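Dear colleague,

I am passing on the structure we spoke about, together with notes on what came out of going through it. Please read them with the coordinates open beside you.

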Amino acid sequence: TSSEYSECSGTGQISLFLCLLSCASSLGTRYTPDWASLDSRPLPEWYDEVKFGIFVHWGVFSVPAFGSEWFWWYWKGAQSPSYIQFMTKNYPPGFSYTDFAPEFHAQFFDPDEWADVFEASGAKYVVLTNKHHEGFTNWGSPYSWNWNSVDNGPHRDLVADLGAAIRKRSLHYGLYNSLYEWFNPIYLSDKRSGFKTQDYVEKKAMPELYELVNRYKPDLIWSDGDWEAPDTYWNSTGFLAWLYNDSPVKDVVVTNDRWGLGCYCKHGGYYNCADKFTPGELPNHKWEKCQSVDTISWGYRRNMKLSEVMDLPSIIKDMVYVVALGGNYLLNVGPTSDGMIAPVFEERLRGIGAWLKVNGEAIYATKPWRVQAENATVPVWYTSKSSTVYAIFTSNPMQNSFTLSAPKTSNSTVVTLLGSPEPLKWAPLHSTGLIVLLPDLPFTPADAWTLKLDEVA
């Protein structure tokens, strides 16, 4: 730019050269508001390296805490009999969904306690619902008058408070954002027009999203609630071009693929595809599986039963499968309306962290190997880092010999069990593979162990 050039003039040729270099780098790649250009943006490296994150669903739906976070929709939209009956039995006639908001007290919410639990889980990023489909924002949005956590309910900025605690621990902070709002009258008016009008996008959805990014500078935007209308209605490509070119997080921000009808699994940053996406083979694009510890709901439920909660071995098995297939694992907990993380959720998260303390090198910053899995002595998932391969098994083989057929060994191959420094005895099989002499496996509540194979092909 002319101002930058004028600062450079007269400072000698070396300075001029350096100045021109800095100008060129600050201009960088410019993305245009179309999918061909936006999809060409490389994913910031931090995201693939971290592998494991925590998802937090928290909002007004945490007050009734019945059924799921879609409570308002099932009650008033789908008019589900069980939800209607729940309201009739427990609340006075004329009680509306908005009457739940003042009961969203968050009085026990201690962001540092949450962040301690998340850090102890071994997660490297945390994604909070800034606004779910109910439209209530967990910050003082100027576009959501009296339907936000500063004007109503907790009377505090939950997005800011949690963000500060998360970042103090050097974890990445992401925000979930629902584009649509079930019962927003402006949105419903656009919907009636067949999405020919865009009043809701221009007055509410987009100004709020720009404000959210400028104010909180999230490392990740987890978009949702997009599926009723095409991306052209949402102006998604315009927003993403700004996000990647000019926003305060342009160099670090990561996004998912929910930017309009038909976008998911096709456009955006990494792919979520469907909730709890479970591919059968290695996808050719970075992806993430979001999973919930409570298998029935993403939001907290007072009627949750232990049999509906994932146990630690199931969580570890799921995570290992996801990472072996090149994905990230985003595991959800729903806090209570008073700001507590249920002890059963905390226990699961700390259990994951204990397993990752020993086995984390087989997870973080790994790449999928040329073979992702094999039915060895027991089923094995593979991950890799350069010439090191990790064979993770999620059931005890109950025998001392362990056969792997995929790795190609050499004279310099070394095999160890993670958590134990002694190299293990092994012998090569015919042209490929090896047989390993296992020690007695140490007890772990996660029921998963890792063989580290150095110098294998």
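Helices and strands are named here from DSSP runs, a helix (H or I) having at least four residues and a strand (E) at least two, with numbering from the N terminus. Please keep in mind throughout that this is a predicted model.

Leaving aside residues up to four places away in sequence, Trp 139 touches Asn 130, Asn 148, Ser 149, Val 150, Asp 157, Val 159, Glu 208, Glu 211, Leu 212, Arg 215 and Tyr 216. One of these contacts, Val 159, is 20 residues from Trp 139 in sequence, while their C-alpha atoms are 5.7 Å apart in space.

The loop between β2 (125–131) and α8 (158–168) also holds His 155, which is not a glycine and yet has a positive phi of about 55°. Most residues other than glycine have a negative phi. His 155 is exposed, with a relative accessible area of 53%. A positive phi of about 55° is also found at Ala 365, again not a glycine, and this residue sits in the loop between α14 and β8 (373–375). Ala 365 is partly exposed, its relative accessible area being 38%.

As to the overall layout, the protein chain is divided into domain 1 (35–362) and domain 2 (367–454), whose centres, taken over C-alpha atoms, are separated by 36 Å. To the contact between them, domain 1 gives 17 residues and domain 2 gives 20 residues. An unreviewed UniProt entry annotates residues 372–453 as "domain: Alpha-L-fucosidase C-terminal"; over those residues the chain is 0% helix and 44% strand, with end C-alpha atoms 15 Å apart.

Seven strands form an open sheet with parallel pairing, in the order β5-β4-β3-β2-β1-β7-β6. Because β5 (254–255) and β6 (287–292) each have a single partner strand, they stand at the edges, and one side of each is left without a neighbour in the sheet. Further in, β1 and β7 run parallel and are joined by five bridges, and Phe 55 has Asn 332 in β7 as its bridge partner.

Which members of the largest nonpolar core touch the most other members? Of its 105 residues, they are Phe 118, Phe 239, Leu 243 and Ile 352. This core draws at least three residues from each of domain 1 and domain 2. A second, separate core has 22 residues, among them Ala 376, Val 389, Phe 393 and Leu 404. Returning to Phe 118, and not counting residues up to four places away in sequence, its contacts are Ile 54, Val 56, Ala 123, Val 126, Ile 166, Val 333, Ile 341 and Leu 349.

With best wishes

How values were computed. Residues are numbered from 1 along each chain as its sequence is written. This is a predicted model: local features need pLDDT of at least 70, side-chain atom pairs count only at pLDDT 80 or more; totals for chains, interfaces and linings use all residues. Side-chain values use heavy atoms; hydrogens and water are left out. A nonpolar core is a set of buried Ala, Val, Leu, Ile, Met, Phe, Trp, Tyr and Cys residues joined through side-chain atoms within 4.5 Å. Buried means under 20% relative accessible area, exposed over 50%, partly exposed in between (1.4 Å probe, protein chains only). Domain bounds come from an automatic or database domain assignment. Contact means heavy atoms within 4.5 Å. Two strands pair if DSSP finds at least two bridges between them. UniProt positions are given in the numbering used here, feature names are shortened, and annotations may be inferred rather than shown by experiment.
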